[in-house]
Amino acid sequence: MNISEQMKAVDTEKQAIKTYLKSIGYNLDMIPFSMYHNIINGLIALVQLNTDYYVSVNGDDSNDGLKPSTAFLTLNKAVTTASDGQSIGVLAGTYTGTSNCNLTISKNLTITGEDGTIFDGENTRKSGWTLKSVVNITQINFQNGSSNYGGAIYNNNGGNIINCTFDSNISQYGGSGIFNKSIGNVSNCIFTNNTSSSGAILNGSTGSISNCTFDNNTAGYKGGGIANYSTGTIVNCIFRNNSAQFGGAISRESTGEIIDCTFSNNTASSSGGTILNMSGGAINNCDFLATTSTNIYNDTIGVTIDG
């Protein structure tokens with residue numbers, strides 16, 4: 001087969017893929033062929049999750065939501081349709097407005113996105129949701145949220161938040177990314193460019209925060225990255241370029257441990273360039289790299305620092 005014949009075969013394959021994906025809710029007219037592989041893999045991942053309902057930017061709330069080709073248009077429709085214990089898969093795209101963002105969810109659900117699933121609060125509302133039941137959230141990007149408490153997520157009843165990104169969210173009183181009031185774990189998440197009075201995560205929970213990255217977050221008062229008010233542990237996290245008045249990376253007012261974390265270039269205008277420690281609890285095996293003020297301000301007894 002010569003080059004011309006090979007190119008013709010590739011184009012035929014490309015058109016066949018476009019036609020099929022368009023029939024199940026993907027319009028690839030403006031997508032380069034080099035991205036088809038990632039899109040197909042994302043679709044396969046959602047199907048393998050055995051998701052009960054689907055949401056798509058190309059969907060319709062009059063659909064049954066049972067497969068990608070008949071997806072709902074809004075998350076609100078999927079949440080109201082789903083029963084306790086069911087799952088919702090959100091296809092790639094940007095979701096805005098009050099039918100997608102700033103919802104209150106009072107059912108035990110699993111909500112999973114794919115690569116490129118974004119919820120955007122448009123700087124006027126939460127980019128995510130208030131959780132009043134156990135809701136597990138995976139692989140969703142939350143951006144441009146704005147709220148008094150929890151610019152993206154206000155967690156009031158547990159659940160796990162995994163592999164999510166929180167970017168450019170704002171909270172007036174705390175938790176620009178997540179206000180964690182209940183038992184819930186946060187893992188493998190990225191927090192960038194979020195702004196609040198206290199923490200990209202304000203943690204009032206006994207759950208753990210693990211394998212997360214906090215980069216360039218700002219708090220007007222305490223904890224540029226995390227304001228920790230409970231016994232939850234912070235494990236294997238990276239804190240870079242965060243700032244606050246007290247505790248550039250972490251403000252800790254609990255006995256929760258800080259383990260295997262790396263800190264660099266975090267700053268505080270008053271005290272605790274990296275950590276403001278107001279309670280006991282170990283700080284173990286952590287690396288403190290470049291910073292512009294005292295790494296740890298310790299205002300308690302019984303704290304163990306190792307590393």
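Which residues does Ile-88 touch, not counting residues up to four places away in sequence? In this predicted model, Ile-88 touches Thr-51, Tyr-53, Val-55, Leu-75, Ala-78, Val-79, Ala-82, Leu-109, Thr-110, Ile-111 and Thr-112, where contact means heavy atoms within 4.5 Å.

## Basis and confidence

Because the model is predicted, local features need pLDDT of at least 70 and side-chain atom pairs count only at pLDDT 80 or more, whereas totals for chains, interfaces and linings use all residues. Residues are numbered from 1 along each chain as its sequence is written, and side-chain values use heavy atoms, with hydrogens and water left out.

The pLDDT, which is the predictor's confidence in each residue on a scale from 0 to 100, averages 86 for the protein, and 79% of the residues score at least 70. Over residues 299–304 the pLDDT stays under 50, and for this stretch the model has 19 contacts beyond four places in sequence.

## The parallel sheet

Nine strands form an open sheet with parallel pairing, in the order E3-E6-E9-E13-E17-E21-E25-E29-E33. Strand E3 (93–95) and strand E33 (287–288) stand at the edges, each with a single partner strand, so one side of each is left without a neighbour in the sheet. Strands here are DSSP runs (E, at least two residues), as helices are (H or I, at least four residues), numbered from the N terminus, and two strands pair if DSSP finds at least two bridges between them.

Within this order, strand E21 (residues 213–215) and strand E25 (residues 238–240) pair in the parallel sense over three bridges, and the bridge partner of Thr-213 in E25 is Ile-238.

## Salt bridges

The model has three salt bridges, each defined by a side-chain nitrogen of Lys or Arg within 4 Å of a carboxyl oxygen of Asp or Glu. One of them joins Arg-240 to Asp-215, with the closest N and O atoms 3.4 Å apart; Arg-240 lies in strand E25 and Asp-215 in strand E21, so the pair ties together parts that are 25 residues apart in sequence. Asp-215 is buried at 19% relative accessible area, while Arg-240 is partly exposed at 32%, given that buried means under 20% relative accessible area, exposed over 50% and partly exposed in between (1.4 Å probe, protein chains only).

Lys-222 forms a salt bridge with Glu-253, the closest N and O atoms being 2.4 Å apart. This pair links distant parts of the chain, 31 residues apart, with Lys-222 in strand E22 (residues 218–222) and Glu-253 in the loop between strand E27 (250–252) and strand E28 (258–259). Lys-222 is buried at 11% relative accessibility, and Glu-253 is partly exposed at 29%. Glu-122 and Arg-125 form a further salt bridge, with the closest N and O atoms 2.7 Å apart; Glu-122 is partly exposed at 39%, whereas Arg-125 is buried at 18%.

## The nonpolar core

The largest nonpolar core has 51 residues, and those with the most contacts inside it are Ile-88 and Trp-129. Such a core is a set of buried Ala, Val, Leu, Ile, Met, Phe, Trp, Tyr and Cys residues joined through side-chain atoms within 4.5 Å. Elements that give two or more residues to this core include strand E1 (53–55), helix H3 (75–81), strand E2 (87–90) and strand E7 (129–131).

Thr-130 lies in strand E7 and is buried at 15% relative accessibility. Leaving aside neighbours within four places in sequence, Thr-130 is in contact with Leu-103, Thr-104, Ile-105 and Tyr-154.
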